[in-house]
Amino acid sequence: METFDTLEVDHIIEKYGSDRSFLISMLHDVQAKYRFLPEDVLRYISHKLDIPLINIYRIATFYKSFSLTPKGKHQIRVCLGTACHVRGGQRILDSLERNLGVKTGETTEDEKFTLERVNCVGCCALGPVVVVDKEYHGNMEVSKVEKVIEKYS
Amino acid sequence: MNRLKSPKELEILREEILSRKALQKVCVSICLGTSCHAFGGKKVSEAFQSEIERRGIKNKVEIKNTGCHGFCEKGPIVVIHPDEICYVEVKPEDAQEIVSETIVGGKIVERLLYKDPNTGEKYVHESEIPFHKFQTKIVFDYNNKVSPRSIDDYIALGGYLALKKAIFEMTPENVLSEIKEANLRGRGGGGFDAGRKWESARNASGSPKYVVVNCDEGDPGAYMDRSLMEENPHIILEGLTLGAYAIGSNKGFIYVREEYPYAVENALFAIEQARERGLLGKNILGSGFSFDVDVHRGAGAFVSGESSALLTTLEGLVGEPRPKYIHMAEKGLWGKPTNLNNVETWANVPLIISNGSSWFRSIGTEGSKGTKIFSLVGKVNNTGLIEVPMGITLRDIIYKIGGGIKGEKKFKAVQTGGPSGGCIPEQYLDTPVDFDELTKLGSMMGSGGMIVMDEDTCMVDVAKYFTDFLKDESCGKCAPCREGLDRMSEILERITEGKGMPEDIELLLKISSLMKDASLCALGTTAPNPVLSTIRYFRDEYDAHIIEKRCPALACRNLVEYLVDETKCTGCGACVKSCPSNAISGKKKKAHSIDQGECINCGICFDICKFDAVVKR
Ligand SMILES: Cc1cc2nc3c(=O)[nH]c(=O)nc-3n(C[C@H](O)[C@H](O)[C@H](O)COP(=O)(O)O)c2cc1C
Ligand code: FES
């Protein structure tokens, strides 16, 4: 008996015509659904597409976007691209770490937030930038950090 | 949507669109690029929509949500055509006034015009604003005129006419030689001759052949590829299709980094639209030529933007580079002949085919033709995306377009070329922007990040920033890059902590030369550039850190102290509340003080104080 809905995963695989070269896109969709890459699902995909599990595991650990442990409900991404770095992005990240009580890359105990650093989200003119889920918060200041967290709490 | 079956039908459709558009006299174009979106552009657009409906003038006024106008600093931007009246920092509440005053009344709303912070002068028309005036927009020209989801907008402006011209009036060889004549060089970093690359792929034996768009945009601090892909995906599709025709390929791929979800969505949408119109897919415009495109998403790895690594990613494998002696023109994707170009390179192709190579060659310098799009960011007044002719000086970009340095600060350096590039100091600001000139200075054109740094930026910290970035991103396949970056990062770390040793600079130079010689891919061979260029031009800053244990820019955490200026402190207590280590104390409404023993130099009090009472030393 599977621990997940195989139909859903089948659906993802079929969306890409069961084409192995779309593995990364499939993993993105799996991650969007479960907020991480559950081992059982990876085994299932390995079986369905006849890709050795080790190859899937390599991809899952090579790329920064993928996680083998559950991510929080909200993803907070702090930009530390060059433009945001020279405008003080690091201080925003430090402040978020303290406020949430987690280190970068970790998820809060209540599984509400995952804090991540990214390199350029493509609106450098607004730096420093924090992206929560799909919402952009530009011209961030340390004094605005608490308000941003509250908004999603 | 009707599928177009002949070139004639494309012309008829274009006429139809144009006559439909002629009825709507006024067009309100609202920027919904990422930055304007973040500033609330969508609400502004909705406000206009409902105001137009309320007044019952919907059939006379077109509301168009467009891509980035470039001037992200001042978003949301609204431009009223045909008079091109430009309003900046528009709020939803302003919609009513703009409609009644400008659209109905024909008057200008003074308070929403752009005002030059240096001269105080106000500008009515978008193109007169200094930020725009000194640019040459050819590729970007469409961005504020088309809605990314409307193929009709693109067709109205002459879109897909280059494709029609190519497949009905030109042979693939003609298309290829036009690109060769144009001397188009790749915009993805290296500046390779695009025509020559195409030719190798065309001449290579083996089929099928593939064409690929590189939209990985790994340079942290650059976003022009994103903007093009998100806001005018059709120009890229058209360019790619032209390339496929010239090379003899029927299948293309667009690889987009995962951080750009809207770029993926809009590319997919555009592909679907182009297929429905018969401009993509089987038997394009009834010509017998077929070509189709898939979109692949990345997953957050800088090295996957390297061409050979990108191809392995497309194959569904881990994106690691391959040795350079395998030529992708012969053995690329699945071992087949493949041609890969950057987004901006592809976007130039339809323009060259439409206007001819001599037109393209008339812009730019001897060795670098055409324009380049940069993301001008960092410590300048006007940040945003700019398109400039090759050969413009760095000074003109920073001072005329960028409006100079933010605040009362002094310029220190401009960084180009991303993590593979370098920092260029003041004395070279009159250098023309050109592939070869920038390389001579120890930097490079790169994909177009241009980050301006002022006196508050520490150049050792910048070198450390890029080295750490590359250390994280190195795939680890070859030892010189993996180990070299690790050691360099350690050395830079200790220098910024005030623990550097005099021989450290020698050591950095030695590691750099080794990495340049021995790394597998360009990530490793160019990785020392940030370190080398900062040592070359800012040696004094390294010496200050190593010998005097001092950071001249007051940026390195372990080398600064925070103090309270008692004459300015009002005792408001804001810093006390925000200090994470309880290092600040003092009576209410009296000057506070910082306990240096407890202070962790985080700088939060410095950021938060409204009275500039916290000072750095
Ligand atoms: C580590 C590394 C990362 C790269 N990242 C990108 C990128 O994000 N986008 C890009 O267009 N080119 C990137 N390149 C350059 C590509 O390898 C390739 O030269 C380029 O895409 C070719 O296109 P062009 O000839 O049109 O410039 C990168 C190169 C290296 C070594
Ligand atoms: S550097 Fe932060 S958005 Fe580009």
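With which residue does D141(B) form a salt bridge, and how far apart are the closest N and O atoms?

Modeller: D141(B) forms a salt bridge with K145(B), and their closest N and O atoms are 3.0 Å apart. The term denotes a side-chain nitrogen of Lys or Arg within 4 Å of a carboxyl oxygen of Asp or Glu. This is a predicted model, in which local features need pLDDT of at least 70 and side-chain atom pairs count only at pLDDT 80 or more, while totals for chains, interfaces and linings use all residues. Residues are numbered from 1 along each chain as its sequence is written, chains are lettered from A and ligands numbered from 1 in the order in which they are written, and side-chain values use heavy atoms, without hydrogens and water.

D141(B) is partly exposed at 31% relative accessible area, as is K145(B) at 33% (buried is under 20%, exposed over 50%, partly exposed in between; 1.4 Å probe, protein chains only).

D152(B) and R277(B) also meet in a salt bridge, at 3.1 Å from N to O. D152(B) belongs to helix α6 (residues 151–156) and R277(B) to the loop between α12 (261–276) and β9 (292–297) of chain B, so the pair ties together parts 125 residues apart in sequence. Helices (H or I, at least four residues) and strands (E, at least two) are DSSP runs, numbered from the N terminus. D152(B) is buried at 16%, and R277(B) is buried at 6%.

E490(B) and R487(B) pair at 2.8 Å, N to O. Both lie in helix α19 (residues 479–496) of chain B, three residues apart, or about one helical turn.
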